[in-house]
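Please look through the sequence and the model shown below before reading on. The report that follows takes up a few topics in turn.

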Amino acid sequence: MPKRTRFTTWRPLATAATAALLATLLTPAAAQAAPRGSEPVYSYDNAIREAVWVDTGLDGDRDGRTDRVAVDIVRPRETARQGRKVPVIMDASPYYSCCGRGNESQKKTYDAQGRVAQMPLYYDNYFVPRGYAFVGVDLAGTNRSDGCVDVGGRSDVQSAKAVVDWLNGRAKAYTSRTGTTRAQAGWTNGRTGMIGKSWDGTIANGVAATGVKGLKTIVPISAISSWYDYYFQQGAPLYDSGPEWLSGYVNSPDAQAKCAAVQQKLVDGAPRTGDRTPLWAERDYVEAARKVKASVFLIHGMQDLNVRMKHVGQWWDALAENGVERKIWLSRTGHVDPFDFRRAEWVETLHRWFDHELMGYDNGIDREPMADIERGPDQWTTSKVWPPSGTRAATLRPDRGDQAGVGTLGPHRGHGTESFTDDPKLSETDWAAHIDEPTPEKAGFVTGPLTRDLRLSGSSEVTVTATPSTPTAHLSAVLVDIGPATIRDYADAGEGITTLGDRTCWGASTTGDSSCFKETKAKTADVDYTVVSRGWADLGNHASDHKGAPLTPGKQYTITLDLAATDHVVPEGHRLALIVAGTDQGLIDPPTDKPKLTLDLSRTSARVPFVGGATAFARATSHAASAAPGATVLDGVREPRTTHRVPEGTQ
């Protein structure tokens, strides 16, 4: 994979105040050694807290004046007095007043002068004493900002991009929402890093995709890379509502009164047909990945059923194609922040990442393994690059077995047909639980027990040739690891974590802003199978990803389903299964009809990326038994939870 190498040599800010003192206390050799990281040498209690309103240049609420977005700032006072310029860490969010941030749903609070008293999360507590400014931006239409929320569109992205421009002297800001007194950003060197989970991280992706100068790095956590793929996959609806619902959910009361026109545009531009429209094209950051200049440190849960792993695979691959410097963490959680599943390691790693990218420390993080991957609860491994070198797609083919609906999975072309009838009341957990018995709602295909470990890494695809009995039909394809394991219980309310009562502290605190947060631990489940990867499609989209069409009952159609990226080891003794079915209850909406679909097995296959490619698959299955004994009904996590409609979730 191409990787852009960058190294900066400017003198790190955080050590400048102490360099002379260190030189007098250390031996000559030690005094000449380069510092390895920023230290908490500045007062958080005495930090400057201020608010400015940045002009976005848009008039989304149509009130006759350009919209201003509220920007709350916490920055070191000492550097301001000394005339030193500091880099910026920014979190642009729609959640600062409506819903809260983080596991404890913190909201911004303000003092009597309108200055931020509590900035949610720990970023300001930890990084301001280390010589950074922290900036919390209210997206247009939320909290104290003008404008309207347009759910990942021009207004959302411009809300944050305009702030990056202001930090670099290219945009205007004011000391109040309606006043004329200008605010300058002379205290910063303009070097900005954006961070955030879910919608916040999505905005970081969107701003990076503009190529804005001054944005040096982004850290998107559980973030969307294309809003179409948040609401649909290949025409199949993932949610029972469109972006207008989400906009209304986070709009401020002022925006609710002014933004009816924007709401209607969201309704008109996002029809529930699943067709791609210009609205979705505007919100597709993957297509603009060629513009990305910032480095990317991406974090995602491989069992995230809110912002699903498809967003990772397509964004990661597009960044790689364009030579973007990248790093990735993949957990076994659902929609959970790394602060809540690997706290100490996360804070240390994030600190080193920002030190390297924004302050120029040569701390070696750019020479360390690219990927950290959670194998089991709190069990982590690394990969030098991701997907690993030697990863190649192998073609797996389903075939009939001794019982109808219970087939085999191997390298040779299948024969005959298999049929199933869509049952919208059932999900992937029902299908996997009954993998070893014929059931009418799915077609399952399984290898024998593996004779050695087999690692999947990256994005798969499943090509299905099917004949429907009705004019509408939805398809699901699922890869499953069949075998006993202890996993994070991603279907639980905590999506793989349990929140405890004890607190740990990460940075300095004030009376109004504590750096102490509740600890967590892994919430686990003992299971007989693990769903590894998923994909969905409307068969009516067989001819185009952009537009669907009614089906002719009795006619054969071929479609390729994109399965989400993953990194999973199927252990020796386990089996790998492919399941093809209809509606995945809780994860996609059903079609109008309840079709019976007949698969042509000779024209149905899966392309799965294995470390070692087809050779690795052949070695792991060459001496495998053709069938495996086991329980008739296998235990797994509970069925997927009620549909998420907010890209923040419960965490």
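## The open sheet

In what order do the strands of the open sheet follow one another, and what is the sense of their pairing? The model is a predicted one, in which local features need pLDDT of at least 70 and side-chain atom pairs count only at pLDDT 80 or more, while totals for chains, interfaces and linings use all residues. Residues are numbered from 1 along each chain as its sequence is written, and side-chain values use heavy atoms, with hydrogens and water left out.

The open sheet is formed by 11 strands in the order β7-β1-β2-β6-β3-β8-β9-β12-β13-β14-β15, and the pairing is mixed. Strands here are DSSP runs of E with at least two residues, helices are runs of H or I with at least four, and both are numbered from the N terminus; two strands pair if DSSP finds at least two bridges between them. The edge strands are β7 (173-174) and β15 (379-383), each of which pairs on one side only.

Within this sheet, strand β3 (residues 86-93) runs parallel to strand β6 (residues 133-138), and six bridges join the two. In this pair, S93 stands opposite D138 in β6. Helix α5 (residues 154-167) packs on the sheet, where it touches β1 (48-55), β2 (68-75), β3, β6, β7, β8 (188-197) and β9 (215-221), contact meaning heavy atoms within 4.5 Å. The direction of α5 makes about 165° with that of β3, where axes are lines fitted to C-alpha atoms, for helices over the stretch in contact, and angles run from 0 to 180 degrees between N-to-C directions. Helix α12 (residues 310-321) also packs on the sheet, touching β12 (295-301) and β13 (326-331), and its direction makes about 160° with that of β13.

## A covered strand

Strand β12 is mostly covered, since seven of its seven residues are buried, where buried means under 20% relative accessible area, exposed over 50% and partly exposed in between, with a 1.4 Å probe and protein chains only. On one side of β12 the buried residues are S295, F297, I299 and G301, and on the other they are V296, L298 and H300.

The strand pairs in the parallel sense with β9 over three bridges, and I218 stands opposite V296 in β12. With β13, strand β12 again pairs in the parallel sense, here over six bridges, and H300 stands opposite L330 in β13.

## Two helices with a buried side

In helix α10 (residues 260-269), the buried residues are V262, Q263, L266 and G269. They lie on the same side of α10 because they cover an arc of only 140° around the axis, the arc being that of the directions from the helix axis to the C-beta atoms. These buried residues pack against α8 (243-250) and α11 (278-282), whereas the face turned away from the buried side carries the exposed residues A260 and D268.

Helix α15 (residues 613-621) has the buried residues G613, A616, F617, A620 and T621. Their arc around the axis is only 115°, which puts them on the same side of α15. Among the elements that cover them are β16 (391-403), β17 (406-410), β20 (454-458) and β30 (605-611).

## A partly exposed lysine

K596 is found in strand β29 (residues 596-600), and K596 counts as partly exposed because its relative accessibility is 43%. Leaving aside neighbours within four places in sequence, K596 is in contact with S419, F420, T421, T467, P468 and S469.
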